[in-house]
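Student: I've got a model open and I'd like to go through how it is put together. Can we take it piece by piece?

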Amino acid sequence: MRIWKLAAAAAALTLSLAACGSGGGAAPPPPAGGGTGPTSFAGQTITVWRLGDPAAVNEKYMTDLNAKFKEQTGADVKVEWIAWPDAQAKWTAAITAGSGPDVTEIGNDQVAAWVGQGALADITDMVGSAPELKQIPENLWGYETIENKVYAVPWGGGTRAVLYRKDWFQELNIQVPKTWDELVTAAKTIIAAKGSDVDGFAFNGGADSNMSLSPFVWGAGGDFAVNNGGKWTGKLTEPGFKEGFQFYTDLVAKHGVSRRSALTQNAEEISTRFQNNLVGMYVTGAWDLDGIKERSNGKIGDAQIGFFSIPNKDGNGVAPAFQGGNDIAVWGDSQKKEVAQAYVQLAAGKEFGTRYAKDNGLLPNYPDALAAYASDPVNAAFAQTFSVAKGFPADPQWAEANETKAVLQNAERAVIEGKKTVDQALADANAELETILNSQ
Amino acid sequence: MAQKTTVVRAGAPRPGPDDIPPPARRAGRGLSPKAIPYALIVPGLLVIAVLTFYPLYQVVTMAFQKVGLAQVRPVNPQPAEFVGWDNFQQIFENPLFWSTLRNTVVFAAAAVALTLVLGTLVGILLNQLGKVMSTLVVIGLMLAWGMPRTAVAAVWKWMFDPDAGVVNATLNALPDWLTGTLLGRADWTGYPWFNDVLPIYIVLTAMVVWQSVPFIAVSVLAGLKSVPGDLHEAARLDGAGAWSIFWRITFPLLRPIFTVLLVLSVIWDFKVFDQLYILIRTLNRDAANLSIYAYAEAFSAPPRMGTGAAIAIVLTVILLVITVFYVRQIVKQEELR
């Protein structure tokens, strides 16, 4: 205990010294004034955690962004790339060790949980005084605003669609599915032609399984849970959810379009198999397209793969998918918060914010840029789905149900292996979901 | 007279065993002879205190607190809230605890039994083998024993891969009637080893036993070497077979060794974590054991280190009870002799 106290005291001392340095000591560079206007941070270096794949297009983006930041403020930037599935563990370690980054990218649905852990800095003042950031529409700040304080800036909006093998569809004369039945038929056709070790439509039962399950339950009119006056009520046993869940588990149990031996594969593992010609279709975000193109060294390109919107059961439009998005935030333990805030302001500003979205296949948060996007052929699938996108229960405990306890993944497995009926599995999962969401 | 004085003079400085020297020693070194042994173990105790007692104390404290990231961070930590037995109550009310406890106990029982039986057999085999062969077998054993557990787990996971694993391929290559009658299944293409609890634990047990047998075998061998050869010879002359020689002579003589090996194996197999973690991570909670459960509670988002610590304590208490039981057995046997 004493060691920790000493460390804490030392850290506090450093913090207060740093505060003195920036507040009173250094006269020549004028105070940042809420972060507007160029300020000199020459000689300082901040660390930025980017999540995902350091594909060439992303590396180029960071190089340009950091060059611009250096030109504006004189500060240097160190970029570290972290895979999305590792992010939670890295943040946990960073907080425990007190050695995190200054700026981090973060999924918008993760913001609430990590603000709850004290991981992110309050940047309300900076956002309020940044004219460009104020152009981002009010409704896009929902995930980022907690008790009227802003903790992150929306960087790019996104949703999920089906990544599919265009070339196989042409070769086997399959049309892009418009109903659930067509989806299954397409998947079966692929397996018949490509072999039984191929997943026609890959079942995702890993940590990000709910991204893949949700379009089907939402498309059937179901939902996970609703909040009434602060208390969560589970909706897993209602007919809409049940129908979507049944279809999702039937992909393996009844139709056999995904291997029974891989019930816990996540989107990353599926993506690797997809690249190796072992998957026909799966649910993922736009970034996978560029990652796969690059990793395949040009063997796979736009002629081979593409996206389509997840269909509704009877073909009446597209199913709602997860309304995701990536944010950029200032790390709570950062000792260079002013520099970090200036960086966030530049990165999420109109020029680099729009380019971030474009490079990652996400949708820009600036209305005029988004309007230009609707006509883009590559992003049409996402723009279409984005208009009906939905979110998971907005509660810090959702991460517990979603990943740690993997409530629905375990229910899916129980049904596929015939240990529980759909009704029983969902009743159990519903009770557990309610307990988790309503616990503190 | 003169003689007497001389005697007295000569006698006065002579070191008497009782009166003079002890005060001189005390004055000179400042430590009573009784304190010296304690002084000598202080450095050792300090090291143990820092490395063992302090973490142990921390875990016990945490088990009665609500501890999250906000409490353990070095920068502006929040004070941890004392919650009494809440953490324990939560665990005992969670069905996950009971299924992980069942997995832990059943696995430990199976793995310990298999390890001891196979280890003993290999030990006896080593004792019978000639020099060249026993060196070869010992080298093989040491390789299995010396390999890092994580590497072993990764390799075994690969071998049992449903699509590309050598195990399914081998089972498929065997004649169908053989695998069909022996294992109740002829077609092993894509057989999923890591979906269900039972197949997962079959793989885990094989892996753990494979790596624990060497230690048992070598220990048993060391014990066998200490058994006087004429005892066996006498028994053989009396017409005893190998089976009864083992149970009537070897086993009673090696009983203390077996007891220690049993306690050690139980402790090791109760605590298995790395191998299982590599096989299934934390996602398949039906197949989790207590260690995985504690890890998931303590470190997955949102981290609840208090609950994790409570599970760790439950595991420790179970092990303590088992160990104390067996240590008492050992002591009793010593008294009987």
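Student: What share of the residues of chain A count as buried?

Tutor: Buried means under 20% relative accessible area, exposed is over 50% and partly exposed is in between, with a 1.4 Å probe and protein chains only. Keep in mind that this is a predicted model, where local features need pLDDT of at least 70, side-chain atom pairs count only at pLDDT 80 or more, and totals for chains, interfaces and linings use all residues. Residues are numbered from 1 along each chain as its sequence is written, chains are lettered from A and ligands numbered from 1 in the order in which they are written, and side-chain values use heavy atoms, with hydrogens and water left out. Of the 440 residues of chain A, the buried share is 53%.

Student: How many helices and strands are there in chain A?

Tutor: Both are DSSP runs numbered from the N terminus: helices are H or I with at least four residues, strands are E with at least two. Contact means heavy atoms within 4.5 Å, and among contacts in chain A with a separation of 6 or more, residues 24 or more positions apart account for 75%. The count for chain A is 18 helices and 13 strands.

Student: Which strands are the edges of the five-strand sheet in chain A?

Tutor: Two strands pair if DSSP finds at least two bridges between them. This open sheet of chain A has the order E2-E1-E3-E13-E6, with mixed pairing. An edge strand pairs on one side only, and here that picks out E2 and E6 (153-158) of chain A.

Student: How much does that sheet twist on average from one strand to the next?

Tutor: Axes are lines fitted to C-alpha atoms, for helices over the stretch in contact, and angles run from 0 to 180 degrees between N-to-C directions. From one strand to the next, the average twist is 20°.

Student: Which residues are the bridge partners of A:Val48?

Tutor: A:Val48 has partners in two strands, E2(A) and E3(A). E1(A), residues 45-51, runs parallel to E2(A), residues 76-82, with seven bridges, and parallel to E3(A), residues 103-107, with two. E1(A) is also mostly covered, with six of its seven residues buried. The partners are A:Val79 in E2(A) and A:Val103 in E3(A).

Student: What handedness does the β-α-β unit with E1(A) and E2(A) have?

Tutor: Point the strands away from you: if the path from the first strand over the helix to the second runs clockwise, the crossover is right-handed. The helix here is H2(A), residues 56-73, and with E1(A) and E2(A) the unit is right-handed.

Student: And in E13(A), which residue is the bridge partner of A:Glu105?

Tutor: E3(A) pairs with E13(A), residues 324-330, in the antiparallel sense over five bridges. The partner of A:Glu105 in E13(A) is A:Ile328.

Student: At about what angle does H13(A) run to E6(A)?

Tutor: H13(A) covers residues 350-359, and its buried residues include A:Phe352 and A:Tyr356. The residue that follows H13(A), A:Gly361, has a positive phi near 65°. H13(A) lies across E1, E3, E6 and E13 of chain A, and its angle to E6(A) is about 30°.

Student: On the four-strand sheet of chain A, what is the bridge partner of A:Asp199 in E11(A)?

Tutor: That open sheet has the order E8-E11-E7-E12 and mixed pairing. Its edge strands are E8 (199-201) and E12 (305-308) of chain A. E8(A) and E11(A), residues 279-284, pair in the parallel sense over two bridges. The partner of A:Asp199 is A:Val279.

Student: At about what angle does H10(A) run to E11(A)?

Tutor: H11(A), residues 287-295, lies across E7, E11 and E12 of chain A at about 135° to E11(A). H10(A), residues 267-275, lies across E7, E8, E11 and E12 of chain A, and its angle to E11(A) is about 150°.

Student: Over in chain B, at roughly what angle do H12(B) and H13(B) cross?

Tutor: The axes of H12(B), residues 229-237, and H13(B), residues 242-270, come within 10 Å. B:Leu231, B:His232, B:Ala235 and B:Arg236 in H12(B) meet B:Ile245, B:Ile249, B:Thr250 and B:Leu253 in H13(B). The crossing angle is roughly 160°.
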